[in-house]
Each structure stands twice: as C-alpha cells, then as structure tokens.
Amino acid sequence: MIGIVDYGVGNLRSLRNAVDHVGLDVAVLTDPEALAACDRLILPGVGAFGSAAANLRARGFEAVVRAHAAAGKPLLGICVGMQLLADVGLEFGEHAGLGLIPGKVRPLESSREHPTPHVGWNDVTIQRKHAMFDVPSASASPWGKKNVDYYFVHSFYFDAANAEDVVALSEYGRSFPTVVARKNVVGCQFHPEKSQAGGLAFLERFAEWDGTC
C-alpha cells in the first residue's frame with residue numbers, strides 16, 4: 001500500500017485522486033503509527049519550507065518517515081515534500097530538513113523574464129538513467145524525446161550537494177534540479193498529480209519501483 005503523509009500542509013485530494021486513477025492501493029494517513037504498514041510513502045507539501053518542517057515534526061511524522069527510509073522502502077517527496085528531503089531550507093530563515101539527500105533549498109532568482117513563483121508547464125531534461133523514468137539512457141524518454149513536460153508551482157529549488165543525486169534538470173532563469181534521488185529516496189519539484197499523462201506515468205513507476213537505482 002502507498003501511504004500519503006497528511007501533516008496538515010494542503011489539500012491532498014488531487015494527489016489521492018491521481019493515485020486512485022492509476023489503480024493503486026493508497027491511503028491518506030494522519031496517524032504516524034499507520035505508516036509502518038505501508039510499502040511506500042509519498043511526502044507531499046505546499047507552502048513554506050519552515051512551516052512544513054515544523055508541522056511534520058509537531059505531528060510526530062519525522063521519526064517514522066526516517067525509519068521508513070532507513071528500512072529501504074521507497075519514499076517519494078513532491079514539491080515542498082521533495083525540498084524537505086534536503087539538509088536545510090533557506091526560506092524565511094534557516095530550517096533543518098530531513099537530510100535524506102544532501103543539499104540546500106535556495107530561492108529562485110526573480111526577474112522580468114522569469115518572475116517567481118514559477119508556475120506552469122516546463123521541460124524536465126533527464127540527466128541519467130533511473131527507474132523512475134524507466135528509459136534505456138538519458139537520451140530518450142517514455143515519449144521518445146529527451147525533454148518531458150510537467151507542471152510546476154514553486155519559488156525555491158533543491159540545490160543538491162552531489163551531482164550524482166541529480167536525475168533531471170529544468171530551466172527557469174537558471175538550471176535547477178527537478179528530480180533528485182539517493183538509494184530508495186526520490187524527490188520531484190513538479191506536481192505529478194497535475195501533470196496529466198506524464199504525471200500519472202511517474203506515479204505508476206513509483207508504485208513499481210523497488211527502491212534501487
């Protein structure tokens with residue numbers, strides 16, 4: 001079963017509906033103890049890094065999410081949920097993340113050409129082979145092209161400490177990691193639940209992924 005961690009940072013209906021749509025066994029969980037029964041977890045998130053991290057800890061989810069990852073079970077962070085996988089977030093101060101993938105969450109530079117937040121569809125360019133994209137090489141995608149479109153809403157990005165943890169990049173005034181992964185933990189800056197067929201395919205692959213790179 002896939003568990004969606006509900007730690008009080010947004011409406012999870014669209015994510016639940018997307019996972020339901022692809023026929024996967026899913027539950028939205030408000031009780032940290034219930035996470036132990038899950039084969040894989042999705043850590044969603046909207047809003048600011050600091051409040052999201054505070055909610056996660058206040059509701060008792062931090063230790064069980066860490067235990068899930070340490071057990072080698074697949075974990076997917078989405079948007080701010082992805083950013084929480086980092087060591088530190090620099091949004092309205094400095095806030096500790098989960099430290100599951102080394103890196104810092106930094107602001108995107110805003111300009112006339114690229115105002116923040118970055119909202120809408122954008123290309124995701126695959127940098128290396130990973131099971132979440134299920135492609136034979138970085139030169140191809142499930143749709144026969146290198147770049148794949150997904151839907152974004154964010155003002156901050158995950159600055160990965162290690163290049164080998166970066167699976168895909170996007171461009172918005174600068175290049176930034178849009179998918180990061182280390183062992184059984186993966187994060188995506190885009191919203192697969194809002195990314196139509198490509199997003200549903202991404203969620204399906206997460207359901208099939210055994211947590212190995």
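Trainee: Let me start with a pairing: which residue in β13 is the bridge partner of Leu76?
Mentor: That's Val186. Keep in mind that this is a predicted model.

Trainee: What makes β4 and β13 a pair?
Mentor: Two strands pair if there are at least two bridges between them. Strand β4, residues 75-78, and β13 have four bridges, in the parallel sense, so they count as paired.

Trainee: And in which sense does β12 run against β13?
Mentor: Strand β12, residues 175-182, runs antiparallel to β13, and four bridges join them. Arg182 stands opposite Val185 there. The two strands form a hairpin with two residues between them, and Lys183 in that turn has a positive phi of about 50°.

Trainee: Which residues of β13 are buried on each side?
Mentor: Val185 and Gly187 are buried on one side, and Val186 and Cys188 on the other, which leaves both faces of this strand (residues 185-188) covered.

Trainee: Why is Glu62 called buried?
Mentor: Its relative accessible area is 17%, and buried means under 20%, so Glu62 falls within the cut-off. Glu62 lies in helix α3, residues 62-70. Leaving out residues up to four places away in sequence, Glu62 touches Leu56, Arg57 and Leu98.

Trainee: Which residues line the largest cavity?
Mentor: Glu62 is one of them, and Leu56, Arg57 and Leu98 are also in the lining, along with Ala53, Leu84, Ala96 and Gly97. The space inside is about 30 Å³. Helix α2 (residues 49-58) gives the largest share of that lining, three residues. By class, the lining has five nonpolar, one polar and two charged residues.

Trainee: How do you know that Trp121 and Tyr151 are an edge-to-face pair?
Mentor: Start from the search of the whole structure, which finds nine aromatic pairs. In this one, the ring centres are 5.8 Å apart and the planes are at 75°. Centres must lie within 6.5 Å to pair, and planes over 60 degrees apart count as edge-to-face, so that is the label this pair gets. Trp121 is in strand β8 and Tyr151 in strand β9, 30 residues apart.

Trainee: Why is Tyr151 called partly exposed?
Mentor: At 22% relative accessibility, Tyr151 is not under the 20% needed for buried, nor over the 50% needed for exposed. Trp121, at 42%, is partly exposed as well.

Trainee: What makes Tyr150 and Phe190 a stacked pair?
Mentor: Their ring centres are 3.9 Å apart and their planes are at 15°. Tyr150 lies in strand β9 and Phe190 in the loop between β13 and α5, so the pair ties together parts that are 40 residues apart in sequence.

Key:
Residues are numbered from 1 along each chain as its sequence is written. This is a predicted model: local features need pLDDT of at least 70, side-chain atom pairs count only at pLDDT 80 or more; totals for chains, interfaces and linings use all residues. Side-chain values use heavy atoms; hydrogens and water are left out. Buried means under 20% relative accessible area, exposed over 50%, partly exposed in between (1.4 Å probe, protein chains only). Contact means heavy atoms within 4.5 Å. On a 1 Å grid over the protein atoms alone, a cavity is a set of points where a 1.4 Å probe fits but cannot get out, and a pocket is an open set with protein on both sides within 12 Å along at least five of seven lines; lining residues have an atom within 4 Å of a point. Grid points are joined across faces, edges and corners, and a volume is the space filled by probe spheres set on the points. Ala, Val, Leu, Ile, Met, Phe, Trp, Tyr, Cys and Pro count as nonpolar, Asp, Glu, Lys and Arg as charged, and the others, Gly among them, as polar. Rings of Phe, Tyr and Trp (its six-membered ring) pair if their centres lie within 6.5 Å; planes under 30 degrees apart count as stacked, over 60 as edge-to-face and the rest as tilted.
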